[in-house]
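I opened this model to look at one helix, the chain contact and the salt bridges. My entries follow.

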Protein chains: 2
Amino acid sequence: MTTDRLTRQIAFVLELDKLKTVARQTLLVDGSRRETDGEHSWHIATMAHVLAEYAPPGTDIGRVTAMLLLHDVVEIDAGDTFIHDEAGALDKEARERQAANRLFGLLPDDQRDAFRALWAEFEAKATNEAIFADALDRMQPILNNFATQGHTWRLHTVTADKVFRLIERIDRGAPALGAYTRELVEEAVRRGYLAGAG
Amino acid sequence: MTTDRLTRQIAFVLELDKLKTVARQTLLVDGSRRETDGEHSWHIATMAHVLAEYAPPGTDIGRVTAMLLLHDVVEIDAGDTFIHDEAGALDKEARERQAANRLFGLLPDDQRDAFRALWAEFEAKATNEAIFADALDRMQPILNNFATQGHTWRLHTVTADKVFRLIERIDRGAPALGAYTRELVEEAVRRGYLAGAG
């Protein structure tokens with residue numbers, strides 16, 4: 001016999017499927033199409049395991065992973081806001097908070113509260129886990145952008161100074177990964193994948 | 001300065017991107033297209049957190065999650081073998097072993113060994129973690145198949161007895177989820193989403 005608890009959990013699991021239909025600005029490395037939020041979330045959650053050694057000592061990688069798996073779920077309702085979209089940024093927080101209420105509200109109350117807290121922790125970027133998770137979330141699009149000759153940077157006329165400001169967030173969570181990414185973006189400027197100044 | 005170790009790790013991270021181009025048989029819940037391996041891996045890794053309470057007591061969910069994030073990486077080289085494809089099953093093991101050698105071999109030696117061991121543990125289905133991971137990997141396509149009126153079952157003329165045999169693997173890892181899935185497939189038979197007998 002199926003309990004009400006399991007019924008609610010399965011409703012959430014089915015709702016999650018919609019994250020596979022949210023397209024991001026980032027192209028796949030092979031340039032064939034834009035990646036989906038589901039794919040991006042998998043990629044960075046896996047990166048947390050590959051690059052765990054660069055996190056601050058004592059960082060709980062299991063918690064980072066859970067955060068990364070859930071961090072974009074609000075975009076099922078709120079959509080993906082491009083990181084350099086200043087107009088979209090204005091009401092992003094309100095849209096995402098409303099989405100969190102509805103989506104995590106599908107779950108039993110204890111899980112609603114736990115998942116919402118994990119999402120809020122990611123958004124606040126105050127714990128080691130959230131800061132490292134954010135670093136990976138910032139790094140992966142830069143890797144894919146470099147691999148696709150700066151496709152998204154060129155499409156939106158993003159300048160290097162804006163990307164370097166994002167890299168400060170990678171520095172915070174994982175200095176070695178920040179340094180790597182900075183070298184990559186300097187090379188991107190040399191190759192003309194993005195403009196050097198704002 | 002970038003170390004050789006980080007260079008190898010980033011090469012693996014970029015290679016991972018290809019899992020977003022491996023199409024599975026399962027449709028998205030909205031029926032719009034087949035899901036990719038990257039999306040599927042994200043979905044079941046997230047399910048591990050939502051449904052953790054149904055795992056055997058003492059199951060390490062962090063380890064289950066790591067296993068699920070990595071379990072399909074071999075399909076970058078070996079492709080997705082449909083669970084009911086008996087011809088494809090014959091050489092699946094050899095193809096996937098070779099893929100594991102090449103793909104995990106991109107990593108520094110210690111990580112190559114650790115990730116390969118985690119993948120081998122998943123394949124052997126002998127630990128609580130592997131058995132629970134396998135249950136989720138079996139359950140998700142059934143949920144999506146039911147939501148799409150049995151699309152993949154009908155396409156490949158899969159009969160209920162075969163699906164019920166897979167559900168025994170869900171029972172092993174999470175009896176409550178096995179019972180839920182069995183009820184769902186019984187309802188699918190009543191609705192004509194798949195044929196009742198082999």
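**Helix 3 of chain A**

I began with helix 3 of chain A and counted eight of its ten residues as buried. Buried means under 20% relative accessible area, exposed over 50%, and partly exposed in between, with a 1.4 Å probe and protein chains only. Helices (H or I, at least four residues) and strands (E, at least two) are DSSP runs numbered from the N terminus. The model is predicted: local features need pLDDT of at least 70, side-chain atom pairs count only at pLDDT 80 or more, and totals for chains, interfaces and linings use all residues. Residues are numbered from 1 along each chain as its sequence is written, chains are lettered from A and ligands numbered from 1 in the order written, and side-chain values use heavy atoms, leaving out hydrogens and water.

I listed the buried residues of this helix: Ile61(A), Val64(A), Thr65(A), Ala66(A), Met67(A), Leu68(A), Leu69(A) and Leu70(A). What covers them? The cover includes helix 2, helix 6 (92–104), helix 7 and helix 8 of chain A, together with helix 2 (37–50) and helix 3 (61–70) of chain B.

**Chain A against chain B**

Next I looked up the contact (heavy atoms within 4.5 Å). It takes 49 residues from chain A and 49 residues from chain B. The buried area is about 4100 Å², and carbon and sulfur atoms give 69% of it. That area is the accessible area (1.4 Å probe) that two parts lose on being put together, summed over both. Lys20(A), Trp42(A) and Val50(A) supply 19% of what chain A buries against chain B, more than any other three residues.

I then checked polar contacts across the interface and got 24 residue pairs, both at pLDDT 80 or more. The rule asks for a pair of N or O atoms within 3.5 Å; within protein, one must be able to donate a hydrogen and the other to accept it, and residues adjacent in sequence count only if both atoms are side-chain atoms. Which helix of chain A gives the most to the side that touches chain B? Helix 2 of chain A does, with ten residues.

How are the two chains related? A rotation of 180 degrees with 0.0 Å of shift along its axis superposes chain A on chain B, at RMSD 0.0 Å. That is the relation of a two-fold axis. The superposition is by least squares on the C-alpha atoms of residues with pLDDT of at least 70 in both copies. The same surface serves both: 100% of the contact residues of chain A recur in chain B.

**Salt bridges**

I searched for salt bridges (a side-chain nitrogen of Lys or Arg within 4 Å of a carboxyl oxygen of Asp or Glu). Four lie between chain A and chain B. Arg5(A) pairs with Glu53(B), closest N and O atoms 2.6 Å apart.

Within chain A, Asp17(A) bridges to Lys20(A) at 2.7 Å between the closest N and O atoms. Both residues are buried. Arg24(A) meets Asp37(A) at 3.9 Å, N to O. This pair links strand 1 (residues 23–27) to helix 2 of chain A, 13 residues apart. Arg24(A) and Asp37(A) are both buried.
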